[in-house]
Amino acid sequence: MSNALLENATPSQSTPVPAWFRDQQRAAAERYESLPAPSRQDESWRFANLQAFDVQDYAPARPIASETAADLAAQSIGIAGAEPKLVFANDQLLARPRPAQLPAGVVFAPLAEALQTHPELVQQYALREGATLGSRKFAALHQSSLRNGTFLYVPKGVQVEVPLQSFHWLAGAGQAIFPHTLLIAEEGSSVTLVDWFEAGDDSKALACGIHDLWVGKNANVRHVAVQEWSREVTSIHSNTTRVQSGGSVVHLGLHLGGKFSRTESASFLEGAGARSEMLALTIADGAQEFDQRTLQNHLAPGTASDLLYKNALYDTAKTIFAGLIRVAPEAHHTDAYQKVRNLVLSDLAEANSMPGLEILADQVRCTHGATTGEIHPEELFYMQARGIAKKDAFRLITFGFLNEVLSRFPCDAIREPLQNRLLERLRGH
Amino acid sequence: MSTEVISQLEIDRTRGDFHYPEAHTFDAGIGLNHATIDYIADVKGEPDWIREFRHRALDVFLSKPMPTHWASQDLENIIFDKIRYYLSNAQRPTRSWDEVPEDVKRTFERLGIPEQERKFLAGVEAQFDSEAVYSNIKKALGDQGVIFVGSTEGLKEHPEIFRKWFGKVIPTGDNKFSALNSAVFSGGSFIYVPPGVKVKHPLQAYFRINAENFGQFERTLIIADEGSEVMYMEGCTAPKFETATLHSAVVELVALKGAKIQYVTVQNWSANVFNLVTKRAVAHEEAEVKWIDCNIGSRLTMKYPGVVLKGRKARGEVLSIALANNGQHQDTGAKMIHAADETTSNIISKSISIGKGRATYRGLVHIPKHLKGCKNNTECDALLINSSSRTDTYPAITVRGSGNSVQHEASVSQVSAEQIFYMQQRGLTEAQAMSLSVNGFVNDLVREFPMEYSVELKRLIDLEMEGSVG
């Protein structure tokens with residue numbers, strides 16, 4: 001890989017960046033240069049399309065034109081009424097509507113601003129370690145090129161009732177963005193954040209994002225990532241969640257767009273009784289490829305994790321699911337579950353599943369399951385016998401299949417708009 | 001089954017742990033190079049095509065890296081330069097136990113092989129280090145055209161069948177260890193069952209390593225012609241030496257149209273043996289191949305029996321039990337390659353990890369494009385006995401196209417304290433209770449086994465469980 005991505009990686013910023021942050025970025029740039037590109041020998045890239053993640057053709061994104069900016073800001077609705085919002089396009093802050101008053105102490109701000117107002121929090125939590133699921137080189141690229149992102153801090157005991165949203169738009173040919181989300185929920189707090197990854201046009205572009213969630217003792221966090229990149233976008237998203245004792249997190253991913261999309265999602269259950277629910281649904285059609293890697297890492301006793309990933313495949317699409325439940329020697333009384341289900345709706349689609357377990361403790365209950373199948377002819381017949389056209393029946397059954405993932409998400413206000421998004425995406429099929 | 005019979009069948013750890021002084025007439029020396037290959041080919045009096053095959057295989061072996069990017073780092077501890085690759089006294093096995101050299105005969109008598117042959121086997125082959133010392137089948141079977149000889153003999157006496165299938169199911173370059181075997185193979189069985197012949201009683205091979213610093217590389221080729229049936233059983237033991245011993249076999253099965261092959265392994269190598277085996281079958285139309293694979297011994301076993309389902313309605317099955325005790329890593333699994341419509345496969349794997357033992361399941365299920373009506377079912381259950389025990393599961397499933405159904409399930413659990421308490425209340429010791437629990441865990445799978453083997457296996461599990469609690 002060339003270093004074109006790095007040479008232009010430090011454009012003028014409206015606000016100066018602390019020296020320690022800049023130093024870390026320089027170190028990351030060196031790491032990016034020295035780390036080898038993923039190869040066939042890497043188990044964490046098994047079945048993956050390695051050519052797709054050769055990113056040398058891209059350069060850090062330039063700001064978008066002001067007329068487009070206004071347009072994109074207007075389109076940044078997501079969940080109606082869920083405000084405040086942060087809207088970024090090509091890693092620049094576009095808009096920041098904040099009619100609702102957040103509880104005292106809550107910080108919901110662009111990362112560049114948080115570096116000025118809360119440098120100690122950013123330093124303590126941001127980019128603490130590289131990717132664990134194979135994309136170390138891309139994590140280094142992200143850190144070296146990071147310009148802005150979403151910063152959310154909820155102090156001890158504070159409950160944020162209204163869901164917060166941030167939008168990350170990508171537009172322009174050959175542009176690369178590095179969306180970042182840092183969410184810190186202190187002890188006993190509660191918050192919901194929805195991240196939207198949206199295409200401003202149909203250009204060939206790159207997104208390399210990192211989302212870090214810090215869930216404190218007995219805190220309660222819900223995070224949704226909706227990926228709707230254009231059909232020419234290559235993306236790598238790495239999501240790392242750390243949960244302290246008694247904390248609980250639900251992470252939901254909707255993987256709908258992009259050309260080559262890799263998502264890495266890791267939960268570290270670090271305190272006794274911590275709990276993580278990992279949900280994702282993917283609709284893959286055309287020649288789309290989705291590469292999903294997950295880790296449920298149980299590091300303390302009495303922790304629980306529950307993963308459900310569902311993929312619907314059309315045309316010549318390809319999906320990879322590689323999941324690992326890891327139970328550390330001291331993590332007795334772990335309860336871990338992992339399930340991937342593939343619905344193959346075309347003769348040319350390909351679903352790869354690698355559900356893995358590594359258990360080093362006893363007194364555990366760990367189960368995983370992987371299924372791949374088609375729509376049952378009897379289900380189709382049942383619906384056709386009731387006057388539903390075959391095409392509609394296919395779509396309804398597929399919707400029902402995927403909707404099981406959404407129905408597990410514990411927030412009604414968010415579930416319904418997402419269901420609409422899903423129906424919209426299935427319309428052509 | 002009476003206790004008398006059970007005691008006759010047992011092949012436990014202590015029973016295999018003895019050896020007699022070596023006195024080999026043929027010894028290829030220590031280390032491996034092209035001269036070693038020539039020595040083996042000369043001693044065996046092999047035709048040129050085999051000699052060339054071996055030389056080519058050695059080059060492949062040397063060029064391939066160790067698969068440590070996914071496999072255990074323990075592989076690095078195999079020192080190929082310190083191993084002896086060929087040891088024997090003669091290249092032709094006898095047909096009668098009376099002609100087997102006294103010390104070798106004593107070995108197999110202590111293991112109870114001649115007795116078993118008289119009792120229930122249709123044929124027996126016994127391999128001692130590199131070559132078969134004894135091989136015999138019941139006369140009636142020989143008259144029907146069934147061939148059951150060592151691979152050395154098969155190559156010489158039946159080249160027309162041997163050459164047609166040899167190396168076709170598992171090519172030399174399949175992996176580093178199949179290449180090693182292809183370079184230095186010796187011994188193993190060659191079986192041919194003519195069309196329509198159903199061999200009622202099992203054929204058994206017994207593999208024994210007696211020498212230290214030695215590698216055993218048997219090569220087995222079984223061809224079941226159209227509509228035939230055969231069951232093959234193999235057992236393995238070795239004395240416990242201080243240094244590592246290598247066992248790297250290649251086993252190829254061909255089940256032609258409508259044929260059935262059952263291949264049963266009870267592997268009880270001593271805990272210094274690296275057991276790195278490649279086993280694969282091709283199942284033609286409506287054929288059925290069943291691997292029954294029990295791994296109890298060895299230091300590190302890496303073995304993933306596979307079936308290539310080549311003909312319509314072919315069926316493949318792997319039933320696997322692994323027991324990993326202190327210092328052992330059982331890295332086992334299965335591969336199912338669907339290559340025709342309406343093929344079905346079933347994998348059931350149960351593993352038990354005791355003490356610091358580690359059991360790993362690795363699986364591959366592959367269904368390519370444009371196939372219809374393929375089904376796979378995979379179940380992996382792991383039982384952990386102690387807090388230091390470890391288990392892993394790494395399956396890989398690829399399905400291309402609709403119209404197929406694949407399901408994989410795995411679970412990990414432990415013997416519940418309530419169960420043990422319940423049994424102790426009724427007068428069982430903790431060890432007995434644990435043993436009973438573990439046998440219960442594998443019972444539904446063991447029931448699928450030929451009876452002689454289920455009995456042996458239960459006994460082995462009882463022995464392994466001794467002293468594992470408390």
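Residues are numbered from 1 along each chain as its sequence is written, while chains are lettered from A and ligands numbered from 1 in the order in which they are written. Local features of the predicted model need pLDDT of at least 70 and side-chain atom pairs count only at pLDDT 80 or more, whereas totals for chains, interfaces and linings use all residues.

Chain A contains 9 helices and 21 strands. Helices (H or I, at least four residues) and strands (E, at least two) are DSSP runs, numbered from the N terminus. The C-alpha trace of chain A spans about 65 × 55 × 50 Å along its principal axes. In chain A, 53% of the 429 residues count as buried. A residue is buried if 20 or more other C-beta atoms lie within 10 Å of its own, exposed if 12 or fewer, and partly exposed in between, with C-beta atoms placed from the backbone. Of the contacts in chain A between residues at least 6 apart in sequence, 83% join residues at least 24 apart; two residues are in contact if their C-beta atoms, placed from the backbone, lie within 7 Å.

Helix α2 of chain A (residues 19-34) has 16 residues, and the distance from its first C-alpha to its last is 23 Å, close to the 22 Å expected at 1.5 Å a residue. The expected span is 1.5 Å times one less than the number of residues in the helix. Gln25(A), Ala28(A), Ala29(A) and Tyr32(A) are the buried residues of α2(A). They lie on the same side of α2(A), because they cover an arc of only 105° around the axis, the arc being that of the directions from the helix axis to the C-beta atoms. Exposed residues on the other side of α2(A) are Ala19(A), Trp20(A), Asp23(A), Arg26(A), Glu30(A) and Ser34(A).

Strand β11 of chain A (residues 220-228) is mostly covered, with 8 of its 9 residues buried. It runs parallel to strand β9 of chain A (residues 190-199), to which 9 bridges join it. Two strands pair if DSSP finds at least two bridges between them. Leu193(A) has His223(A) in β11(A) as its bridge partner. Strand β13 of chain A (residues 248-255) also pairs with β11(A), in the parallel sense and over 8 bridges; here Gln227(A) stands opposite His255(A) in β13(A).

Leu193(A) is also among the residues touched by Leu152(A), together with Phe108(A), Leu164(A), Leu183(A) and Val191(A), when residues up to four places away in sequence are not counted. Leu152(A) belongs to strand β5 of chain A (residues 150-154). With 25 other C-beta atoms within 10 Å, Leu152(A) is buried.

Chain B has 13 helices and 24 strands. Its radius of gyration is 21 Å, close to the 23 Å that the globule rule gives for 470 residues, so chain B is as compact as a globular protein of that length. The C-alpha trace of chain B spans about 65 × 55 × 45 Å along its principal axes. Of its 470 residues, 54% are buried. Among contacts in chain B with a separation of 6 or more, 82% are between residues 24 or more positions apart.

In strand β20 of chain B (residues 344-353), 7 of the 10 residues are buried, and the strand is mostly covered. Strand β18 of chain B (residues 315-324) runs parallel to β20(B) and is joined to it by 10 bridges; Glu317(B) has Asn346(B) as its bridge partner in β20(B). Another 10 bridges join β20(B) to strand β22 of chain B (residues 375-384), also in parallel, and Ser353(B) stands opposite Leu384(B) in β22(B). Gly427(B), which follows α11(B), has a positive phi near 95°.

Between the chains, 32 residues of chain B are in contact with 35 residues of chain A. On the side of chain B that touches chain A, the elements giving two or more residues are β23 (390-400) and β24 (405-414) of chain B. The largest share, 11 residues, comes from β23(B). By class, this side of chain B has 10 nonpolar, 17 polar and 5 charged residues, where Ala, Val, Leu, Ile, Met, Phe, Trp, Tyr, Cys and Pro count as nonpolar, Asp, Glu, Lys and Arg as charged, and the others, Gly among them, as polar. Strand β20 of chain A (residues 350-359) pairs with β23(B) in the antiparallel sense over 7 bridges, and Asn352(A) stands opposite Thr398(B) in β23(B).

Technical notes. The radius of gyration is taken over C-alpha atoms; the globule rule is 2.2 Å times the number of residues to the power 0.38.
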